[in-house]
Amino acid sequence: MKLVRQVIEVTLATFLLGLIWLLPVGWASAVGAGIGRLVGRIVGRILGEDRVAQNNLKLAFNEASDHPKSEAEREAILQAVWDNVGRNFGEIPHLGNLMRNADTRIEIIGGEAALAVQAAGNPIILVSGHFSNWHIVQIAANKVFGETASIYRRTNNPFVARLLDIFYADIAQHIMEKGRESVVGSLRMLKKKIPVLMLSDQHQSGGSVVEFFGKKVAAPNGAAVMGIRSQAVLIPMVSYRTAGKPDGAYFTVEFGEPLVVDTALSSRDAQADNLMQQFYAYLEEQIIKHPEHWLWLHARWSKYKPDA
């Protein structure tokens, strides 16, 4: 039964992505947005992701928070989130196109400062989250540094994963699947001064415990641990869709200020926790600025258990 489901999923994905590939990138993004607003949200309600997102938004922007939003405002953000999820799907077959047209479709802010960090002889780890089309930070990193590596978690369906790998290969010279081998591979890349990109905004049991919108969460700390081990500089990044453009497939990518290792802390674990707290403070700041561009669908707060 599992194999049958996987075959049905990859067949449907191949058919839809093939049709979308025939469209111009702006049209493909718009079609994806329609799918996200309608089909995505219906499926999200069935699977419970819509409810997770509503709870997350209420936790972050309730009346007692520093940045309160009304129920109507939170609903508008959630609708925009599903729009963005659909656009991500519509843009997958066009990642190579976006890479080739990055000069016109992607504005990069802070790239020169990030490049200067590398020019000073430092290995670099780029940390970001699931903002807008989260593959765009990879393209921006390629434009700035020329050669980059990235770690990602493959989808559970191996057939769909192989299909997506075809499109991801257009934008990443070195792709490493999350796991033990990616640690070894990343350290090898960092030794060669090739920047490594990681998305670090999801729950991870056993990671660093940090404050996020006033609540504790378990954060993936692989970037911090690896950074301290390799003496790499961690640079946060964010991407969001640029308003006022001819279509929805225009983006702005910002490189943040490098995170600073607190050498006064007594252990590497404490230093890693502090680095991740800095990163989550950056995430929170960016989410407050661009709440409709972050993926609110993950159970980001409810999964944290103090004894986990």
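**Pocket, cores and loops of a predicted model**

User: Which helix gives the most to the lining of the second largest pocket?

Analyst: H3 contributes the most to the lining of the second largest pocket, with 5 residues. Helices here are DSSP runs of H or I with at least four residues, strands are runs of E with at least two, and both are numbered from the N terminus. A pocket is found on a 1 Å grid over the protein atoms alone, as an open set of points where a 1.4 Å probe fits, with protein on both sides within 12 Å along at least five of seven lines; lining residues have an atom within 4 Å of a point.

User: What kind of model is this, and how are residues numbered?

Analyst: It is a predicted model, in which local features need pLDDT of at least 70 and side-chain atom pairs count only at pLDDT 80 or more, while totals for chains, interfaces and linings use all residues. Residues are numbered from 1 along each chain as its sequence is written, and side-chain values use heavy atoms, with hydrogens and water left out.

User: Back to the pocket: how much space lies in it, and which residues line it?

Analyst: The second largest pocket holds about 210 Å³, where a volume is the space filled by probe spheres set on grid points joined across faces, edges and corners. Its lining consists of Arg-51, Gln-54, Asn-55, Leu-57, Lys-58, Glu-71, Arg-74, Glu-75 and Leu-78. Helix H3 (49-61) and helix H4 (71-91) are the elements that give two or more residues to that lining.

User: How many of the lining residues are charged?

Analyst: The lining has 5 charged residues, along with 2 polar and 2 nonpolar ones. Asp, Glu, Lys and Arg count as charged, Ala, Val, Leu, Ile, Met, Phe, Trp, Tyr, Cys and Pro as nonpolar, and the others, Gly among them, as polar.

User: Changing topic, where is Thr-148, and is it buried or exposed?

Analyst: Thr-148 lies in the loop between helix H8 (136-145) and strand S3 (149-152). Thr-148 is buried, at 1% relative accessible area; buried means under 20%, exposed over 50% and partly exposed in between, with a 1.4 Å probe and protein chains only.

User: What does its side chain make polar contacts with?

Analyst: The side chain of Thr-148 has a polar contact with the side chain of Gln-138 at 2.6 Å and with that of Asn-142 at 2.5 Å. A polar contact is a pair of N or O atoms within 3.5 Å; within protein, one must be able to donate a hydrogen and the other to accept it, and residues adjacent in sequence count only if both atoms are side-chain atoms.

User: Which residues touch the most other members of the largest nonpolar core?

Analyst: Ile-125, Val-196, Phe-212, Phe-279, Tyr-280 and Trp-296 do, in a core of 47 residues. Helix H12 (residues 268-289) gives the most to this core, with 8 residues. A nonpolar core is a set of buried Ala, Val, Leu, Ile, Met, Phe, Trp, Tyr and Cys residues joined through side-chain atoms within 4.5 Å. A second, separate core has 34 residues, including Leu-17 and Ile-171.

User: And Phe-213: where is it found, and what is its phi?

Analyst: Phe-213 sits in the loop between strand S6 (208-212) and strand S7 (215-219). Its phi is near 55 degrees, a positive value in a residue other than glycine, and Phe-213 is buried, with a relative accessible area of 11%.
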